Amino acid sequence: MSRPRNDTFLRALLKEPTDYTPLWLMRQAGRYLPEYCETRKRAGNFLNLCKSPAMACEVTLQPLARYDLDAAILFSDILTVPDAMGLGLYFAEGEGPKFERPLREEWAINNLTAPDPYEHLGYVMDAVSEIRRALDNSVPLIGFSGSPYTLACYMVEGQGSSDFRHIKGMMYSRPDLLHKILSVTADSVTSYLNAQIDSGAQAVMIFDTWGGSLSAAAYQEFSLAYMQRIVAGLKKEKDGQRIPCIVFTKNGGLWLEKIAAIGCDAVGLDWTIDIGEARRRVGDKVALQGNIDPNVLFGSPEVIAAEARKVLDSYGSGNTGHVFNLGHGISQYTPPENVTTLVETVHAHSRKLRQQA
């Protein structure tokens with residue numbers, strides 16, 4: 001199978017030369033788009049939307065119809081994996097995701113097993129296949145999962161948390177139990193991402209949203225080590241094409257070199273680190289993805305364009321190794337027209353920088 005007609009995103013991840021800096025946005029299919037809100041209304045609720053391959057395909061493609069983006073990302077949720085483990089995922093209106101059966105008891109943790117991705121998450125694989133058919137080889141499709149530690153935060157806390165009292169309490173009082181959760185979850189994520197690759201994903205990303213809440217030592221032991229294990233177990237090729245892997249730890253800039261050393265192809269950056277500094281620190285070991293503050297998109301068109309140019313200028317000369325993205329997910333309150341300004345600026349200014357080099 002050949003690369004997509006627009007393979008700029010894949011080439012950037014593999015540090016191959018590109019004519020411009022490719023761009024996609026975390027949560028690019030989401031509530032800031034009125035068409036997404038209409039589809040979600042038809043679905044009835046968020047989980048129905050995730051579990052319908054046809055609707056997941058529909059919302060995955062919506063931002064590509066509006067914007068000249070260089071990649072599509074599977075529409076799903078990181079919590080599909082613990083849901084498949086039997087923890088009883090549900091979404092309380094206005095309160096975010098919750099689990100009916102959070103992991104607090106030793107017997108429940110010892111009984112935890114990795115789900116078969118085709119048997120228990122077949123709707124995700126069906127969505128990947130359907131999206132690939134609909135894309136018709138135009139741009140690449142990104143598959144993804146949450147990191148083991150980030151998933152464990154929800155699995156132990158039972159919902160989002162501001163202080164992570166339960167999981168950190170387990171970490172310091174019964175680290176053996178947390179390691180059991182993380183080990184099973186790492187196996188689950190590895191098989192889940194490999195199934196997405198087999199179903200058609202052309203790159204994969206690991207979202208470590210809560211790894212940055214850990215101390216330096218705890219991050220290496222409870223988050224990074226398990227992401228390294230996943231990266232080592234991922235399929236590196238499919239149908240003769242290389243499948244790049246991106247690892248993103250929010251607030252992980254302190255540990256950039258350590259993340260870059262785990263074998264991934266690219267490291268995602270949030271907005272708290274200067275991308276030029278990040279590039280100097282990792283050299284040519286990995287590509288970099290990021291990293292404008294999503295709230296820049298509430299500025300005027302002039303400010304949005306200026307801030308996008310700052311990121312590109314900071315990354316510096318050369319035509320390899322940068323995928324432009326937000327430092328985290330796009331806000332649901334973002335005016336859709338402001339995304340147009342960002343996309344057009346990134347493409348135009350990065351082309352200009354290459355002509356000047």
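Predicted model: local features only at pLDDT ≥ 70, side-chain atom pairs only at ≥ 80, totals over all residues.
Residues are numbered from 1 along each chain as its sequence is written, and side-chain values use heavy atoms, with hydrogens and water left out.

Let me start with the sheet, where two strands pair if DSSP finds at least two bridges between them. Here 7 strands form an open sheet with parallel pairing, in the order 1-4-5-8-9-10-11. Its edges are strand 1 (72-73) and strand 11 (322-323), each of which pairs on one side only. Within the sheet, strand 5 (residues 203-208) and strand 8 (residues 245-249) pair in the parallel sense over 5 bridges, and Val204 stands opposite Cys245 in strand 8.

Now to the loops. In the one between helix 9 (148-157) and helix 10 (165-173) lies Phe164, whose phi is near 55°, a positive value in a residue other than glycine. Is Phe164 buried or exposed? Phe164 counts as buried, at 6% relative accessibility, where buried means under 20% relative accessible area, exposed over 50%, and partly exposed in between (1.4 Å probe, protein chains only).

Asp136, in the loop between helix 8 (122-135) and strand 4 (141-146), also has a positive phi, near 55°, but Asp136 is exposed, with a relative accessible area of 52%.

Finally, the peptide bond from Gly290 to Asn291 is cis, with omega near 0°, and Asn291 sits in the loop between strand 10 (287-289) and helix 15 (301-315).

Key
Helix = DSSP H or I, 4+ residues; strand = E, 2+ residues; numbered from the N terminus.
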